[in-house]
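Visitor: I am new to reading protein models. Please walk me through this one, feature by feature.

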Amino acid sequence: MLLYFFYILFSPLAWIGLIFCSLFNTKVRDKIVNQRASISSAIKKILTFKGDREVIIVHAASAGEYEQIKPLIIKIDKKKFFILQTFSSPTIFNLAKEDELFDACCYLPFDFFFSSIRFFKRTGATHFINTRHDVWPNSVVCCKILKIRNVIINANLHPESMKTKPVVRGLYRFLYNQLDLIICPSDRIKKEFNQIGIE
């Protein structure tokens, strides 16, 4: 919990770092430039086409994670749910933004508390489904505050992961315990979660 407060405290420095990185990294620059417009476009589609459906956010950080989560998206009942697909990587966002699997898509905001809670409030989402590794602290906490059901599927935790190290293990124990459901693909991975205090 204490590490999470430090995470929030040093967020302004992280933003400065992102601005600096954008001078040299086209992907970071692309997301900074286009993130706000993508979110505004998605919100307009929600307001226009949602009807009486619930909004479900499905997140895939990268192209590989998007391929893994596609079979789940296909099974979501679009008569009951408006599917908002979010991405972290500009590469997959630019490739997949015209896909017809979902109703709208946008970037997941950079993980700052106020931008995250504003995003989740604006979407009116009732569910947030994530996959693999991409557990962003403020997104997790904001979903908990707003009572958005937060699920991670195909969860992965490697024995040598930074998340298992003593210095940060407490932070990730806190974060994973905020989730409503963690689905592990194997008993080995389930045991790794157990070892950091996640039952």
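Guide: Start with burial. Buried means under 20% relative accessible area, exposed over 50%, and partly exposed in between, with a 1.4 Å probe and protein chains only. This is a predicted model: local features need pLDDT of at least 70, side-chain atom pairs count only at pLDDT 80 or more, and totals for chains, interfaces and linings use all residues. Residues are numbered from 1 along each chain as its sequence is written, and side-chain values use heavy atoms, leaving out hydrogens and water.

Visitor: Is Asn138 buried or exposed?

Guide: Asn138 has a relative accessible area of 0%, so Asn138 is buried. It lies in helix α7, residues 137-145. Helices (H or I, at least four residues) and strands (E, at least two) are DSSP runs, numbered from the N terminus.

Visitor: What does Asn138 touch?

Guide: Contact means heavy atoms within 4.5 Å. Leaving out residues up to four places away in sequence, Asn138 touches Tyr4, Tyr7, Ile8, Asp111, Phe112, Phe113 and Ser116. A polar atom of the Asn138 side chain lies 3.0 Å from the backbone oxygen of Asp111.

Visitor: How do I read a nonpolar core?

Guide: In soluble globular proteins, nonpolar side chains tend to be buried together. A nonpolar core is a set of buried Ala, Val, Leu, Ile, Met, Phe, Trp, Tyr and Cys residues joined through side-chain atoms within 4.5 Å.

Visitor: Which residues of the largest nonpolar core touch the most other members?

Guide: They are Leu84, Phe119, Phe120, Leu175 and Tyr176, in a core of 38 residues. Helix α8 (residues 166-176) gives the most to this core, six residues. Apart from this core lies another, of 19 residues, including Ile69, Phe93, Ala96 and Cys105.

Visitor: What is Leu84 in contact with?

Guide: Set aside its neighbours within four places in sequence. Among the contacts of Leu84 are then Ala42, Ile46, Val55, Ala104, Phe119 and Thr123.

Visitor: Which residues form the nonpolar patch on the surface?

Guide: Patches are made of residues with over 30% relative accessible area and no salt bridge; like charges are joined within 9 Å, nonpolar side chains (Val, Leu, Ile, Met, Phe, Trp, Tyr) within 5 Å. Here the patch is Leu2, Leu3, Phe6, Leu9, Phe10, Leu13 and Ile16, with about 720 Å² of accessible area together. Such areas come from the Shrake-Rupley method with a 1.4 Å probe; for residues, only the protein chains shown count as cover. Helices α1 (2-9) and α2 (11-22) each supply at least two residues of the patch. The largest share, four residues, comes from α1. Leu2 lies in α1 and, at 60% relative accessibility, counts as exposed.

Visitor: How many salt bridges does the structure hold?

Guide: A salt bridge is a side-chain nitrogen of Lys or Arg within 4 Å of a carboxyl oxygen of Asp or Glu. The structure holds four. In one of them, Arg53 pairs with Asp103, the closest N and O atoms being 3.6 Å apart. Arg53 sits in the loop between α3 (26-49) and β1 (54-60), and Asp103 in the loop between α5 (90-96) and β3 (104-107), so the pair ties together parts that are 50 residues apart in sequence. Arg53 is buried, at 14%. Asp103 is partly exposed, at 23%.

Visitor: Where do Glu67 and Lys70 lie?

Guide: Both are in helix α4 (residues 63-75), three residues apart, so about one helical turn separates them.

How values were computed: Polar contact = N/O pair within 3.5 Å; in protein donor to acceptor, adjacent residues only side chain to side chain.
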